[in-house]
Amino acid sequence: MRFALTDDQAALRDAARELLSRECPPDAVRAAWPGAAADPGRVAAIWARLAEMGVLGAAVPEADGGLGLGACDLVPLLEEAGRVALPLPLVETAFVAAPLLAAADGQEELLERLVGGEAIIAAGLDGSGLVPFAGVAEALLVSDGPGAPIGLLAADAAEPVDSIDGARGLGRVDIAAATPLDLDPRERAAAWDRGVLGAAAQLIGLSRTLLALSQEYVKERRQFGVPIGSFQAVKHQLANALLALEFAAPMALRAAWSIDHGAATASRDVAAAKALASDAAEQVAATALQVHGAIAYTTEYDLHLFAKRVWASARTWGDAEWQRTQVAAALDLNPGKEMR
Amino acid sequence: MDLTYSAAEEAFRAEAREWLAANVPGDLASGDTAAGFAQHLEWEKRLFEARWAVVSWPEAYGGRDASIWEWLIFEEEYYRAGAPMRVTQNGIFLLAPTLFEFGTPEQQDRILPRMAAAADLWCQGWSEPGAGSDLAATKSRAVRDEEAGGWRLTGQKTWTTRGAFCTHMFGLFRTDPESERHRGLTYFMVPLDAEGVTVRGFERLDGDEGFAEVFLEDAFIADDAAIGEVGEGWRVAMATTGSERGLTLRSPGRFLSAAERLAELARDNPRASAARVDRVARTWIEAEAYQQFTLAQVTAIAAGTSTGAQSSLNKLFWSELDIHLQETALDLLGPEAELDGPWSRGFLFALAGPIYAGTNEIQRNIVAERLLGLPRK
């Protein structure tokens, strides 16, 4: 028994952290928003660096020319993508699409371009027809819901729609227009689980940044002659935020291990991880906004870049309550119709 | 990451499971009543004879030299089997870690085997009428008796769990009358039958006579009753509070088994509405999260990292999880929830969790100051 990253896993995470903190500071996230500061070239450059690092094809099986890395390798890395609010579909391209295209027939060329960083692939598999990051993608994976057939669409089929998070490049698609991929139902279910877990990992990373910003701010900000972080009312909110985060993060790693080892509980563990991560991230975001006060309610300060990503993404790939229905079903719990 | 147990660990689990299945007694009266305490003592002696009382201790003291992983496994099996609460817990989980860390070999040899065998029963003497969350306000004092080679204790301890049934108490006493706050305190062990010690039991909210006040009036204890150096009591005591808040007092096993029982209660239950099933799933996930958090924590402990203030996270999480579990069960029981039974008793017991072992307000201060680095003032 050893619940900790291996040296290799920690090294991969550290390399990703180093790359992303250099290439994707808050300015780069702002560059993904529409408007005067928009700079698609800067955003594209981050993707090129990730491709050079070999991250995009990391989850492709070795037999198909990838690194054959598993969820335990990638979850810590995806947490780093969340930490910087990466305005690109890393989860969807590297963790959902890459292994899926490797499993599907006739997708070798697209996969090769994906691995090389030329083809960005976004995904919207929850049946809503909304696809985050459609605006920067070349192709989209869409489906009618978890486990349903998955189809491929050109990204220009998506109609751009405004999200509260302008860096999301959100698009709306007609799911029925997609060309179905020939996939085993187990592959489709596994793709859903990877997407859910990747989303959970990003929410944990986002929470870490929101908490760190708050921690620093309340130490500096003085009112009534003292740092506001010395007030119990502030301390206890931040303690609760840390508590939620510290108990959500290990569940994501457990779920990763369950996926890598084909555990019977894998889907249940993934659902539990996303339920915890969504709730923790919303709690941390609300706390961060409150303890900052008015400065957080501006777009000049960076906090909104991370908080909006939380509000936008906590409900994609199944919100917390929906995930709990999945856990309940796995526990053989079915709500009764009769009430006494 | 390797989330599997070794063959030896699985064999340990199988042995524990088999023994518990054959030996766990049926419903005992509450261990916090005189009659129930006697029944629980019988159980403790049976555990000791089979060397299951203190699995992680050295064999010489009645243990099995079990690793911390095996200890976790034993706890899982213990609660899965529905075995009784441990009336010895304040000794074996709180005092013993302190003795292993700060006690002399003589103290360890003298005290630990009798503790393991439930021959001596230990209660905790932290709180005083004027020192609850503010433990450093301790006023009970110890005056040097040079001639007799020891100390004379005077003062009052309170909220002493099972004090009326125990034989010994450990606690903090002010040995330097000029000192203030954390300084000048010494950690002493006190036999409750010593002259000058009076114990008065009283009822807790749950109706059991589980609390006691301990009055000390010039009660004599010898020099070998001190753990650690004279005047170093605060530092020594903090080692115990870490155990109390953290893992050793409340391992995940008890919450995992409670979450399973809750799921069982909700299955095919006409009162299990969608909203209540959501709460069952939520608490079940929380118990699972406590398990995963613990596995990561124990990995760090096994690698030699001290948990430190992290134990305050454990305490906040398990105490609130316990209440969520019990309240959800009561709502599934509906009008029958008020009847005396395992869930109503569990509920009343859980209500104490956010208060004992340092209130949750104090734990949140510790988390904010020591884990998040926020200023004390």
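Helices (H or I, at least four residues) and strands (E, at least two) are here DSSP runs numbered from the N terminus, while axes are lines fitted to C-alpha atoms, for helices over the stretch in contact, and angles run from 0 to 180 degrees between N-to-C directions. On the side of α7(A), Ala199(A), Gln202(A), Leu203(A), Leu206(A), Thr209(A), Leu210(A) and Leu213(A) meet Leu303(A), Phe306(A), Ala307(A), Arg309(A), Val310(A) and Ser313(A) of α10(A), contact being defined by C-beta atoms, placed from the backbone, that lie within 7 Å. By class, this contact of α7(A) with α10(A) has 9 nonpolar, 3 polar and 1 charged residues, where Ala, Val, Leu, Ile, Met, Phe, Trp, Tyr, Cys and Pro count as nonpolar, Asp, Glu, Lys and Arg as charged, and the others, Gly among them, as polar.

Residues are numbered from 1 along each chain as its sequence is written, and chains are lettered from A and ligands numbered from 1 in the order in which they are written. Because the model is predicted, local features need pLDDT of at least 70 and side-chain atom pairs count only at pLDDT 80 or more, whereas totals for chains, interfaces and linings use all residues.

Chain B is divided into domain 1 (7-87), domain 2 (122-236) and domain 3 (246-371), with bounds that come from an automatic or database domain assignment. The contact between domain 1 and domain 2 of chain B takes 6 residues from domain 1 and 5 residues from domain 2.

Also in chain B, helix α4 (residues 89-102) and helix α5 (residues 105-116) pack at an angle of about 170 degrees, with axes 11 Å apart, and are therefore roughly antiparallel. Their contact has 6 nonpolar, 3 polar and no charged residues.

Strand β3 (residues 150-157) of chain B is joined by 8 bridges to strand β7 (residues 211-222), and the two run antiparallel; strands pair if DSSP finds at least two bridges between them. Strand β6 (residues 197-202) of chain B is likewise antiparallel to β7(B), through 6 bridges. Phe215(B) in β7(B) stands opposite Gln156(B), and Leu216(B) in β7(B) stands opposite Val197(B).

Notes
Contact = placed C-beta atoms within 7 Å. Parallel < 35°, antiparallel > 145°, perpendicular 65-115°, else oblique.
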